[in-house]
Amino acid sequence: MKGLIARRPGTNTYDLTADGQRVAIFYTKVHDRLLRPLIAADQPPAPAELRAALRTIDHHVNGYTDQARVGKAA
Amino acid sequence: MVMSEILTVNDVLDGHVMLDVECLDRIYLNGYVPNLQVAGQVSSFMTAHLKCPIPSPAVMERIGTRFRRAVKTFADAEHIPVVRFGKTDRKQEVMRPYLARQARTGRAGVAAIGVAQEYQNVFAASQREDRGHTGNRVWFNFYKADRRVTCYYFYIWDEDFGPTFIKVCAYFPYPVKVWLNGHEWAKRQATHAGIGFTALSNGFATCEDPEGLQGICDRLGPGIINVFFERWMSILPLPLDHADRAAGYWWELSMRQVEVSRTIVFDAPRHARGFFEALVVDNLDIGRPESVELIFHGPRRPGPGRPVKLGCVPKTKVVTRDTIGVTVNAFFKSSRVKQYLKDGRALRVETVINSPDDLGCHRRLQHLDELHAKGRDVNRRLLDTERVGQGCVLASPAFERVAQPTLTEDGRRSPALRFGDPRVMALLGALCAALNSLGFTNRSLRAQVNQLLGVPTDQYTVNQMTTTWPDYG
(Lines give C-alpha, C1' and ligand atoms only; values in the text may rest on other atoms or scores of the structure.)
Protein backbone atom coordinates (compact mmCIF):
# COMPACT_ATOMS: atom_id res chain seq x y z
CA MET A 1 0.00 0.00 0.00
CA LYS A 2 2.24 2.74 -1.38
CA GLY A 3 4.78 1.67 1.21
CA LEU A 4 2.86 3.33 4.05
CA ILE A 5 1.64 0.24 5.93
CA ALA A 6 2.91 -3.32 6.13
CA ARG A 7 0.98 -6.45 7.03
CA ARG A 8 2.32 -8.66 9.78
CA PRO A 9 2.88 -12.08 8.23
CA GLY A 10 0.04 -14.53 8.82
CA THR A 11 -2.28 -11.96 10.47
CA ASN A 12 -4.76 -9.25 9.51
CA THR A 13 -2.86 -6.76 11.60
CA TYR A 14 -0.91 -3.92 10.03
CA ASP A 15 1.91 -1.63 11.16
CA LEU A 16 2.82 1.81 9.96
CA THR A 17 6.14 1.91 8.09
CA ALA A 18 8.66 4.71 8.73
CA ASP A 19 7.53 6.42 5.51
CA GLY A 20 3.91 5.95 6.53
CA GLN A 21 4.55 7.52 9.91
CA ARG A 22 6.05 10.66 8.37
CA VAL A 23 3.42 10.98 5.64
CA ALA A 24 0.57 10.53 8.14
CA ILE A 25 1.94 13.05 10.62
CA PHE A 26 3.05 15.75 8.18
CA TYR A 27 0.07 15.49 5.82
CA THR A 28 -2.30 16.03 8.71
CA LYS A 29 -0.21 18.64 10.51
CA VAL A 30 0.37 20.76 7.38
CA HIS A 31 -3.29 20.44 6.43
CA ASP A 32 -4.83 21.16 9.83
CA ARG A 33 -2.36 23.60 11.31
CA LEU A 34 -1.07 25.51 8.29
CA LEU A 35 -3.19 25.18 5.21
CA ARG A 36 -6.67 25.39 6.67
CA PRO A 37 -5.96 28.38 8.93
CA LEU A 38 -4.03 30.17 6.16
CA ILE A 39 -6.75 29.62 3.55
CA ALA A 40 -9.22 31.17 6.02
CA ALA A 41 -6.82 33.94 7.03
CA ASP A 42 -9.04 36.80 5.83
CA GLN A 43 -11.40 36.31 8.76
CA PRO A 44 -11.05 36.18 12.54
CA PRO A 45 -9.46 34.46 14.42
CA ALA A 46 -6.56 35.07 11.95
CA PRO A 47 -4.20 37.73 13.40
CA ALA A 48 -5.10 41.32 12.54
CA GLU A 49 -1.67 41.91 10.91
CA LEU A 50 -2.18 38.98 8.54
CA ARG A 51 -5.67 40.17 7.60
CA ALA A 52 -4.34 43.70 7.01
CA ALA A 53 -1.52 42.31 4.83
CA LEU A 54 -4.00 40.31 2.76
CA ARG A 55 -6.14 43.44 2.31
CA THR A 56 -3.02 45.27 1.10
CA ILE A 57 -2.33 42.54 -1.46
CA ASP A 58 -5.94 42.69 -2.57
CA HIS A 59 -5.74 46.48 -2.88
CA HIS A 60 -2.58 46.35 -5.00
CA VAL A 61 -3.87 43.58 -7.25
CA ASN A 62 -7.02 45.62 -7.84
CA GLY A 63 -4.86 48.64 -8.60
CA TYR A 64 -2.94 46.71 -11.28
CA THR A 65 -6.17 45.35 -12.71
CA ASP A 66 -7.66 48.86 -12.98
CA GLN A 67 -4.52 50.21 -14.64
CA ALA A 68 -4.48 47.40 -17.16
CA ARG A 69 -8.18 48.08 -17.88
CA VAL A 70 -9.10 44.43 -17.75
CA GLY A 71 -11.25 44.69 -14.64
CA LYS A 72 -14.70 44.85 -16.18
CA ALA A 73 -16.18 43.04 -19.12
CA ALA A 74 -16.90 45.38 -22.03
CA MET B 1 24.54 19.36 25.63
CA VAL B 2 23.92 17.24 22.58
CA MET B 3 26.09 18.18 19.59
CA SER B 4 24.21 17.66 16.38
CA GLU B 5 26.21 15.78 13.79
CA ILE B 6 27.36 17.86 10.84
CA LEU B 7 25.99 16.44 7.63
CA THR B 8 27.93 16.80 4.41
CA VAL B 9 26.73 16.67 0.86
CA ASN B 10 27.99 13.08 0.62
CA ASP B 11 25.54 12.03 3.34
CA VAL B 12 22.65 13.56 1.41
CA LEU B 13 23.72 12.05 -1.88
CA ASP B 14 24.03 8.60 -0.37
CA GLY B 15 21.48 6.44 -2.19
CA HIS B 16 20.48 9.17 -4.64
CA VAL B 17 23.32 8.76 -7.13
CA MET B 18 22.80 7.03 -10.45
CA LEU B 19 26.30 7.55 -11.81
CA ASP B 20 29.51 8.96 -10.33
CA VAL B 21 32.38 9.46 -12.78
CA GLU B 22 35.75 11.11 -12.28
CA CYS B 23 37.48 12.19 -15.48
CA LEU B 24 39.92 14.73 -16.86
CA ASP B 25 38.01 17.42 -18.70
CA ARG B 26 39.80 20.25 -20.46
CA ILE B 27 43.51 19.67 -21.00
CA TYR B 28 45.45 22.66 -22.30
CA LEU B 29 49.14 22.08 -22.91
CA ASN B 30 52.14 24.21 -23.72
CA GLY B 31 54.55 22.93 -26.30
CA TYR B 32 58.01 24.45 -26.00
CA VAL B 33 61.45 23.67 -27.36
CA PRO B 34 63.48 23.26 -24.15
CA ASN B 35 66.80 24.24 -25.70
CA LEU B 36 65.49 27.40 -27.36
CA GLN B 37 64.55 29.31 -24.26
CA VAL B 38 67.39 31.78 -23.71
CA ALA B 39 69.38 34.05 -26.02
CA GLY B 40 72.55 31.92 -25.95
CA GLN B 41 70.57 28.86 -27.09
CA VAL B 42 69.14 30.89 -30.00
CA SER B 43 72.66 31.86 -31.09
CA SER B 44 73.99 28.33 -30.92
CA PHE B 45 70.90 27.03 -32.80
CA MET B 46 71.76 29.39 -35.65
CA THR B 47 75.52 29.02 -35.64
CA ALA B 48 76.29 25.46 -34.47
CA HIS B 49 73.17 23.78 -35.86
CA LEU B 50 72.14 25.81 -38.92
CA LYS B 51 75.75 26.77 -39.69
CA CYS B 52 74.87 30.43 -40.17
CA PRO B 53 77.92 32.64 -39.58
CA ILE B 54 75.88 35.41 -37.96
CA PRO B 55 72.96 34.70 -35.62
CA SER B 56 70.41 37.17 -36.93
CA PRO B 57 66.66 37.84 -37.11
CA ALA B 58 66.94 37.25 -40.86
CA VAL B 59 67.30 33.53 -40.08
CA MET B 60 64.11 33.64 -38.02
CA GLU B 61 62.34 35.45 -40.83
CA ARG B 62 63.48 32.81 -43.32
CA ILE B 63 62.16 29.93 -41.17
CA GLY B 64 58.91 31.84 -40.51
CA THR B 65 58.32 32.50 -44.23
CA ARG B 66 59.06 28.88 -45.09
CA PHE B 67 56.55 27.78 -42.43
CA ARG B 68 53.81 30.12 -43.65
CA ARG B 69 54.33 28.89 -47.18
CA ALA B 70 54.20 25.27 -46.00
CA VAL B 71 50.86 25.92 -44.25
CA LYS B 72 49.42 27.39 -47.44
CA THR B 73 50.66 24.45 -49.52
CA PHE B 74 49.28 21.98 -46.96
CA ALA B 75 45.85 23.69 -46.95
CA ASP B 76 45.71 23.78 -50.77
CA ALA B 77 46.82 20.17 -51.18
CA GLU B 78 44.38 18.80 -48.58
CA HIS B 79 41.51 21.19 -49.49
CA ILE B 80 41.37 22.51 -45.95
CA PRO B 81 39.49 25.78 -45.39
CA VAL B 82 41.58 28.63 -43.96
CA VAL B 83 39.63 30.94 -41.64
CA ARG B 84 40.93 34.28 -40.44
CA PHE B 85 39.73 34.95 -36.87
CA GLY B 86 38.36 38.39 -36.06
CA LYS B 87 39.32 40.22 -32.89
CA THR B 88 36.10 39.41 -31.05
CA ASP B 89 35.38 36.00 -32.57
CA ARG B 90 34.81 33.05 -30.26
CA LYS B 91 37.15 30.63 -31.99
CA GLN B 92 35.35 27.52 -30.83
CA GLU B 93 32.05 28.83 -32.21
CA VAL B 94 33.59 29.79 -35.55
CA MET B 95 35.14 26.33 -35.89
CA ARG B 96 32.16 24.30 -34.69
CA PRO B 97 30.61 23.75 -38.17
CA TYR B 98 33.98 22.77 -39.67
CA LEU B 99 34.61 20.24 -36.88
CA ALA B 100 31.07 18.89 -37.26
CA ARG B 101 31.63 18.45 -41.00
CA GLN B 102 34.89 16.57 -40.43
CA ALA B 103 33.21 14.40 -37.75
CA ARG B 104 30.49 13.45 -40.26
CA THR B 105 33.11 12.06 -42.63
CA GLY B 106 34.13 9.64 -39.85
CA ARG B 107 37.81 10.12 -40.75
CA ALA B 108 40.46 11.83 -38.66
CA GLY B 109 41.71 15.00 -40.29
CA VAL B 110 42.31 18.73 -40.10
CA ALA B 111 38.85 20.33 -40.20
CA ALA B 112 40.07 23.88 -40.78
CA ILE B 113 43.05 26.13 -40.19
CA GLY B 114 42.39 29.30 -38.18
CA VAL B 115 44.72 32.26 -38.53
CA ALA B 116 44.95 34.79 -35.71
CA GLN B 117 47.19 37.68 -34.73
CA GLU B 118 48.03 37.25 -31.06
CA TYR B 119 50.51 38.49 -28.50
CA GLN B 120 53.13 35.83 -27.86
CA ASN B 121 56.32 35.76 -25.84
CA VAL B 122 58.88 35.43 -28.63
CA PHE B 123 62.47 36.33 -29.37
CA ALA B 124 63.12 39.84 -30.63
CA ALA B 125 66.54 41.05 -31.77
CA SER B 126 68.35 44.37 -31.73
CA GLN B 127 71.57 45.25 -33.49
CA ARG B 128 74.52 45.84 -31.20
CA GLU B 129 76.21 49.17 -31.69
CA ASP B 130 79.68 47.89 -30.69
CA ARG B 131 79.49 45.31 -33.51
CA GLY B 132 80.50 42.52 -31.14
CA HIS B 133 83.93 41.35 -30.21
CA THR B 134 85.25 41.29 -33.78
CA GLY B 135 84.49 44.97 -34.19
CA ASN B 136 83.58 44.73 -37.86
CA ARG B 137 80.65 42.34 -38.13
CA VAL B 138 76.91 42.88 -37.64
CA TRP B 139 76.01 41.52 -34.24
CA PHE B 140 72.62 41.02 -32.58
CA ASN B 141 71.22 40.82 -29.09
CA PHE B 142 68.30 38.43 -28.61
CA TYR B 143 65.74 38.97 -25.88
CA LYS B 144 62.24 37.73 -25.03
CA ALA B 145 59.40 40.18 -25.68
CA ASP B 146 55.66 40.12 -26.23
CA ARG B 147 54.96 40.67 -29.91
CA ARG B 148 51.76 40.44 -31.92
CA VAL B 149 52.46 37.61 -34.33
CA THR B 150 50.66 35.14 -36.59
CA CYS B 151 49.40 31.94 -34.99
CA TYR B 152 47.95 28.99 -36.87
CA TYR B 153 45.19 27.00 -35.21
CA PHE B 154 44.96 23.53 -36.70
CA TYR B 155 41.47 22.39 -35.72
CA ILE B 156 41.57 18.62 -35.82
CA TRP B 157 38.97 15.93 -35.56
CA ASP B 158 40.88 12.99 -34.09
CA GLU B 159 39.69 9.39 -33.98
CA ASP B 160 40.59 9.05 -30.31
CA PHE B 161 40.11 12.57 -28.94
CA GLY B 162 37.36 13.95 -31.18
CA PRO B 163 37.54 17.73 -31.57
CA THR B 164 40.94 19.23 -30.65
CA PHE B 165 43.31 21.91 -31.81
CA ILE B 166 47.05 22.40 -32.06
CA LYS B 167 48.13 26.00 -32.25
CA VAL B 168 51.54 26.82 -33.70
CA CYS B 169 53.03 30.29 -33.47
CA ALA B 170 54.84 31.37 -36.65
CA TYR B 171 57.57 33.22 -34.81
CA PHE B 172 60.72 32.08 -33.03
CA PRO B 173 60.90 29.99 -30.74
CA TYR B 174 57.58 28.66 -32.13
CA PRO B 175 55.54 28.03 -28.99
CA VAL B 176 52.75 25.48 -29.42
CA LYS B 177 49.48 24.99 -27.57
CA VAL B 178 47.41 21.80 -27.52
CA TRP B 179 43.78 21.62 -26.49
CA LEU B 180 42.12 18.29 -25.66
CA ASN B 181 39.05 17.13 -23.80
CA GLY B 182 39.16 14.05 -21.57
CA HIS B 183 35.40 13.42 -21.70
CA GLU B 184 35.42 13.38 -25.49
CA TRP B 185 38.25 10.85 -25.37
CA ALA B 186 36.43 8.70 -22.80
CA LYS B 187 33.23 8.74 -24.89
CA ARG B 188 35.12 7.39 -27.89
CA GLN B 189 36.91 4.73 -25.87
CA ALA B 190 33.61 3.62 -24.30
CA THR B 191 32.10 3.29 -27.77
CA HIS B 192 35.11 1.23 -28.95
CA ALA B 193 34.80 -0.99 -25.86
CA GLY B 194 31.08 -1.52 -26.52
CA ILE B 195 29.97 0.19 -23.29
CA GLY B 196 26.55 1.78 -23.79
CA PHE B 197 26.06 5.28 -22.43
CA THR B 198 24.04 8.44 -22.89
CA ALA B 199 25.93 11.70 -22.96
CA LEU B 200 25.50 14.88 -21.01
CA SER B 201 26.90 17.98 -22.68
CA ASN B 202 30.57 17.23 -22.07
CA GLY B 203 30.01 14.29 -19.74
CA PHE B 204 28.00 11.15 -19.11
CA ALA B 205 24.34 10.95 -18.07
CA THR B 206 23.93 7.18 -17.82
CA CYS B 207 26.15 4.20 -18.40
CA GLU B 208 25.43 0.48 -18.42
CA ASP B 209 28.88 -0.31 -17.01
CA PRO B 210 29.94 2.48 -14.60
CA GLU B 211 33.01 0.58 -13.38
CA GLY B 212 34.20 -0.07 -16.92
CA LEU B 213 33.69 3.59 -17.76
CA GLN B 214 35.64 4.70 -14.70
CA GLY B 215 38.43 2.31 -15.70
CA ILE B 216 38.60 4.02 -19.10
CA CYS B 217 38.69 7.49 -17.52
CA ASP B 218 41.51 6.37 -15.17
CA ARG B 219 43.59 5.28 -18.16
CA LEU B 220 43.93 8.72 -19.75
CA GLY B 221 47.51 9.76 -19.03
CA PRO B 222 50.65 11.33 -20.48
CA GLY B 223 51.44 8.33 -22.72
CA ILE B 224 48.14 8.54 -24.64
CA ILE B 225 48.46 12.31 -25.01
CA ASN B 226 52.04 12.03 -26.27
CA VAL B 227 50.99 9.49 -28.89
CA PHE B 228 48.29 11.91 -30.07
CA PHE B 229 50.75 14.81 -30.14
CA GLU B 230 53.43 12.91 -32.06
CA ARG B 231 50.87 11.58 -34.53
CA TRP B 232 49.73 15.05 -35.51
CA MET B 233 53.15 16.70 -35.36
CA SER B 234 54.21 14.22 -38.03
CA ILE B 235 51.29 15.28 -40.25
CA LEU B 236 51.07 19.07 -39.77
CA PRO B 237 53.42 21.57 -41.42
CA LEU B 238 55.89 22.86 -38.81
CA PRO B 239 58.65 25.44 -38.58
CA LEU B 240 61.17 22.83 -37.36
CA ASP B 241 62.03 19.84 -39.54
CA HIS B 242 63.55 16.36 -39.17
CA ALA B 243 67.11 17.71 -39.16
CA ASP B 244 66.21 20.03 -36.27
CA ARG B 245 64.61 17.15 -34.43
CA ALA B 246 67.64 14.93 -34.92
CA ALA B 247 69.76 17.69 -33.39
CA GLY B 248 67.50 17.79 -30.34
CA TYR B 249 65.36 20.80 -31.28
CA TRP B 250 61.82 19.56 -30.77
CA TRP B 251 58.78 20.38 -28.67
CA GLU B 252 58.05 19.00 -25.23
CA LEU B 253 54.70 19.34 -23.53
CA SER B 254 53.92 20.95 -20.20
CA MET B 255 50.61 21.54 -18.46
CA ARG B 256 49.09 24.99 -18.91
CA GLN B 257 45.58 24.28 -17.65
CA VAL B 258 44.08 21.00 -16.48
CA GLU B 259 40.50 20.49 -15.34
CA VAL B 260 39.79 17.47 -13.16
CA SER B 261 36.07 16.81 -12.96
CA ARG B 262 33.65 14.67 -11.05
CA THR B 263 30.10 14.28 -12.29
CA ILE B 264 27.45 12.95 -9.95
CA VAL B 265 24.19 12.18 -11.74
CA PHE B 266 21.07 12.20 -9.56
CA ASP B 267 18.39 9.55 -9.64
CA ALA B 268 15.64 12.19 -9.32
CA PRO B 269 16.83 15.04 -11.57
CA ARG B 270 13.70 17.15 -11.17
CA HIS B 271 14.72 17.89 -7.58
CA ALA B 272 18.32 18.64 -8.49
CA ARG B 273 17.95 22.39 -8.97
CA GLY B 274 16.34 22.99 -5.58
CA PHE B 275 18.94 20.80 -3.91
CA PHE B 276 21.84 22.54 -5.63
CA GLU B 277 20.63 26.06 -4.94
CA ALA B 278 20.15 25.25 -1.27
CA LEU B 279 23.66 23.75 -1.26
CA VAL B 280 25.07 26.98 -2.69
CA VAL B 281 23.33 29.06 -0.07
CA ASP B 282 24.71 26.88 2.72
CA ASN B 283 28.29 26.97 1.42
CA LEU B 284 29.02 30.52 0.38
CA ASP B 285 32.04 30.45 2.70
CA ILE B 286 34.06 27.75 0.91
CA GLY B 287 36.38 30.43 -0.47
CA ARG B 288 37.53 31.50 3.00
CA PRO B 289 41.26 30.94 3.55
CA GLU B 290 40.89 28.18 6.12
CA SER B 291 38.31 26.30 4.03
CA VAL B 292 40.00 26.69 0.69
CA GLU B 293 43.37 25.62 2.07
CA LEU B 294 41.72 22.56 3.57
CA ILE B 295 40.08 21.73 0.25
CA PHE B 296 43.25 22.09 -1.82
CA HIS B 297 45.80 20.65 0.59
CA GLY B 298 43.89 18.62 3.15
CA PRO B 299 44.32 19.00 6.90
CA ARG B 300 47.67 20.52 7.88
CA ARG B 301 50.06 18.10 9.52
CA PRO B 302 50.57 18.71 13.20
CA GLY B 303 53.82 20.30 14.24
CA PRO B 304 55.80 23.32 13.16
CA GLY B 305 55.74 24.60 9.64
CA ARG B 306 54.99 27.71 7.72
CA PRO B 307 51.38 28.26 6.74
CA VAL B 308 50.61 28.03 3.03
CA LYS B 309 50.82 31.38 1.27
CA LEU B 310 47.67 31.83 -0.73
CA GLY B 311 49.08 34.37 -3.17
CA CYS B 312 45.60 35.61 -3.95
CA VAL B 313 42.67 37.28 -2.28
CA PRO B 314 40.62 34.35 -1.02
CA LYS B 315 37.14 34.57 -2.39
CA THR B 316 34.06 32.69 -3.39
CA LYS B 317 32.52 33.85 -6.60
CA VAL B 318 28.98 32.97 -7.54
CA VAL B 319 28.29 33.39 -11.23
CA THR B 320 24.83 33.11 -12.73
CA ARG B 321 24.48 32.41 -16.40
CA ASP B 322 21.37 31.61 -18.39
CA THR B 323 22.93 28.55 -19.94
CA ILE B 324 24.24 26.66 -16.95
CA GLY B 325 22.65 28.51 -14.03
CA VAL B 326 24.59 29.11 -10.85
CA THR B 327 28.30 28.29 -10.62
CA VAL B 328 30.20 28.55 -7.34
CA ASN B 329 33.93 29.18 -7.59
CA ALA B 330 36.46 29.02 -4.74
CA PHE B 331 39.88 30.37 -5.63
CA PHE B 332 43.24 29.12 -4.43
CA LYS B 333 46.36 30.84 -5.76
CA SER B 334 45.87 30.78 -9.52
CA SER B 335 43.63 27.70 -9.47
CA ARG B 336 40.03 27.28 -8.47
CA VAL B 337 37.42 24.68 -7.78
CA LYS B 338 33.98 25.19 -9.26
CA GLN B 339 30.69 23.50 -8.77
CA TYR B 340 27.54 23.69 -10.84
CA LEU B 341 24.50 21.81 -11.99
CA LYS B 342 25.15 20.08 -15.30
CA ASP B 343 22.16 20.01 -17.66
CA GLY B 344 19.85 20.27 -14.66
CA ARG B 345 20.50 16.69 -13.58
CA ALA B 346 24.06 16.21 -12.36
CA LEU B 347 26.31 17.84 -9.80
CA ARG B 348 29.57 18.74 -11.49
CA VAL B 349 32.68 19.53 -9.44
CA GLU B 350 35.72 20.71 -11.36
CA THR B 351 39.15 21.63 -10.13
CA VAL B 352 40.71 24.00 -12.63
CA ILE B 353 44.48 23.95 -12.19
CA ASN B 354 46.09 26.90 -13.92
CA SER B 355 49.46 26.24 -12.37
CA PRO B 356 50.50 22.73 -11.23
CA ASP B 357 52.71 24.41 -8.59
CA ASP B 358 49.51 25.26 -6.70
CA LEU B 359 49.11 21.57 -5.91
CA GLY B 360 52.83 20.94 -5.45
CA CYS B 361 53.31 19.29 -8.85
CA HIS B 362 55.82 19.90 -11.63
CA ARG B 363 54.62 21.23 -14.95
CA ARG B 364 55.87 18.73 -17.48
CA LEU B 365 53.32 16.39 -18.97
CA GLN B 366 54.89 13.32 -17.38
CA HIS B 367 53.52 14.56 -14.03
CA LEU B 368 49.92 14.58 -15.27
CA ASP B 369 48.97 11.40 -13.35
CA GLU B 370 50.14 12.92 -10.07
CA LEU B 371 48.26 16.15 -10.77
CA HIS B 372 45.18 14.18 -11.80
CA ALA B 373 45.18 12.27 -8.48
CA LYS B 374 45.61 15.49 -6.49
CA GLY B 375 42.82 17.16 -8.46
CA ARG B 376 40.48 14.27 -7.62
CA ASP B 377 41.39 14.67 -3.95
CA VAL B 378 40.43 18.35 -4.16
CA ASN B 379 37.03 17.43 -5.61
CA ARG B 380 36.47 14.84 -2.91
CA ARG B 381 37.50 17.20 -0.12
CA LEU B 382 35.16 19.89 -1.45
CA LEU B 383 32.21 17.51 -1.09
CA ASP B 384 33.50 16.38 2.33
CA THR B 385 33.75 20.00 3.46
CA GLU B 386 30.38 21.18 2.27
CA ARG B 387 27.80 21.24 4.97
CA VAL B 388 24.14 20.92 4.29
CA GLY B 389 21.22 22.63 5.93
CA GLN B 390 17.58 21.68 6.03
CA GLY B 391 16.98 22.96 2.51
CA CYS B 392 19.39 20.47 0.95
CA VAL B 393 17.04 17.60 0.36
CA LEU B 394 16.76 15.35 -2.62
CA ALA B 395 13.07 14.52 -2.30
CA SER B 396 11.98 11.27 -0.74
CA PRO B 397 10.34 8.93 -3.21
CA ALA B 398 7.59 8.31 -0.61
CA PHE B 399 5.92 11.65 -1.28
CA GLU B 400 5.62 11.04 -5.01
CA ARG B 401 4.46 7.50 -4.47
CA VAL B 402 1.67 8.79 -2.25
CA ALA B 403 0.68 11.80 -4.36
CA GLN B 404 0.53 9.97 -7.70
CA PRO B 405 -1.42 6.92 -8.92
CA THR B 406 0.71 3.78 -8.75
CA LEU B 407 0.37 0.08 -9.52
CA THR B 408 0.33 -2.53 -6.77
CA GLU B 409 2.52 -5.62 -6.93
CA ASP B 410 -0.34 -7.64 -8.44
CA GLY B 411 -0.95 -4.98 -11.10
CA ARG B 412 -4.00 -3.24 -9.61
CA ARG B 413 -4.22 0.52 -9.86
CA SER B 414 -3.73 2.33 -6.58
CA PRO B 415 -5.15 5.86 -6.83
CA ALA B 416 -3.28 8.95 -5.66
CA LEU B 417 -3.87 9.96 -2.05
CA ARG B 418 -4.87 13.55 -2.81
CA PHE B 419 -3.78 16.06 -0.23
CA GLY B 420 -6.90 17.81 1.12
CA ASP B 421 -9.37 15.09 0.10
CA PRO B 422 -11.47 14.63 3.30
CA ARG B 423 -11.34 10.83 3.06
CA VAL B 424 -7.56 10.86 2.60
CA MET B 425 -7.05 13.33 5.45
CA ALA B 426 -9.27 11.26 7.73
CA LEU B 427 -7.42 8.09 6.81
CA LEU B 428 -4.01 9.64 7.53
CA GLY B 429 -5.35 11.19 10.75
CA ALA B 430 -6.48 7.72 11.76
CA LEU B 431 -3.03 6.35 10.98
CA CYS B 432 -1.53 8.96 13.32
CA ALA B 433 -3.75 7.57 16.04
CA ALA B 434 -2.62 4.05 15.08
CA LEU B 435 0.99 4.81 16.04
CA ASN B 436 1.41 2.07 18.58
CA SER B 437 3.21 -1.21 18.90
CA LEU B 438 0.00 -3.26 18.78
CA GLY B 439 -0.63 -2.47 15.13
CA PHE B 440 -4.12 -2.07 13.69
CA THR B 441 -6.68 -3.96 11.69
CA ASN B 442 -9.08 -2.92 8.95
CA ARG B 443 -11.91 -2.79 11.48
CA SER B 444 -10.09 -0.70 14.09
CA LEU B 445 -8.80 1.76 11.51
CA ARG B 446 -12.22 2.14 9.85
CA ALA B 447 -13.74 3.07 13.17
CA GLN B 448 -11.19 5.85 13.53
CA VAL B 449 -11.75 7.09 9.97
CA ASN B 450 -15.50 7.19 10.50
CA GLN B 451 -15.07 9.21 13.62
CA LEU B 452 -12.81 11.72 11.89
CA LEU B 453 -15.12 11.97 8.89
CA GLY B 454 -18.07 12.42 11.21
CA VAL B 455 -20.21 9.81 9.46
CA PRO B 456 -22.02 6.75 10.80
CA THR B 457 -20.13 3.44 10.57
CA ASP B 458 -22.24 2.10 7.71
CA GLN B 459 -21.46 5.06 5.41
CA TYR B 460 -17.75 4.33 5.07
CA THR B 461 -17.65 0.70 4.21
CA VAL B 462 -14.93 -1.89 3.88
CA ASN B 463 -15.35 -1.54 0.11
CA GLN B 464 -14.79 2.22 0.14
CA MET B 465 -11.67 1.85 2.22
CA THR B 466 -10.40 -0.87 -0.08
CA THR B 467 -11.01 1.44 -3.08
CA THR B 468 -8.78 4.03 -1.49
CA TRP B 469 -6.14 1.40 -0.65
CA PRO B 470 -6.49 -1.62 -2.93
CA ASP B 471 -3.97 -3.69 -1.02
CA TYR B 472 -5.86 -3.28 2.14
CA GLY B 473 -8.63 -5.65 2.95
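**Helix packing and local geometry in a predicted model**

Helix H1(A) passes helix H13(B) in a left-handed crossing, as seen in this model, which is a predicted one. On the chain A side the contact involves Val23, Ala24, Ile25, Tyr27, Thr28 and His31 (A:Val23, A:Ala24, A:Ile25, A:Tyr27, A:Thr28 and A:His31). H13(B) contributes B:Met425, B:Leu428, B:Gly429, B:Leu431 and B:Cys432. Sorted by class, the residues of this contact comprise 8 nonpolar, 3 polar and no charged.

From H13(B), the contact draws on B:Pro422, B:Arg423, B:Ala426, B:Leu427, B:Gly429, B:Ala430, B:Leu431 and B:Ala433; from H14(B), it draws on B:Leu445, B:Gln448, B:Val449, B:Leu452 and B:Leu453. The contact of H13(B) with H14(B) has 10 nonpolar, 2 polar and 1 charged residues.

How is chain B divided into domains? The domain assignment gives domain 1 as 1-28 + 183-219 + 253-393, domain 2 as 34-173 + 222-250 and domain 3 as 396-466. Between domain 2 and domain 3 of chain B, the C-alpha centres lie 76 Å apart.

Turning to aromatic side chains, the count over all chains comes to 20 aromatic pairs. One of the pairs, B:Phe123 with B:Phe172, is tilted, with 6.2 Å centre to centre and 55 degrees between the planes. This pair links distant parts of the chain, 49 residues apart: B:Phe123 sits in strand E3 (residues 109-127), and B:Phe172 in the loop between strand E5 (162-169) and strand E6 (176-181) of chain B.

Most residues other than glycine have a negative phi, and most peptide bonds are trans. A cis peptide bond joins B:Phe172 and B:Pro173, with omega about 5 degrees, and B:Pro173 is found in the loop between E5 and E6. B:Asn202, although not a glycine, has a positive phi of about 60 degrees; B:Asn202 lies in the loop between strand E7 (197-200) and strand E8 (203-207) of chain B.

Terms used:
Residues numbered from 1 in each chain as written. Chains lettered and ligands numbered in written order. Predicted model: local features only at pLDDT ≥ 70, side-chain atom pairs only at ≥ 80, totals over all residues. Heavy atoms only, no water. Left-handed = near helix turned anticlockwise from the far one by under 90°. Helix = DSSP H or I, 4+ residues; strand = E, 2+ residues; numbered from the N terminus. Contact = heavy atoms within 4.5 Å. Nonpolar A, V, L, I, M, F, W, Y, C, P; charged D, E, K, R; others polar. Domains from an automatic or database assignment. Phe/Tyr/Trp six-rings, centres within 6.5 Å; stacked < 30°, edge-to-face > 60°.
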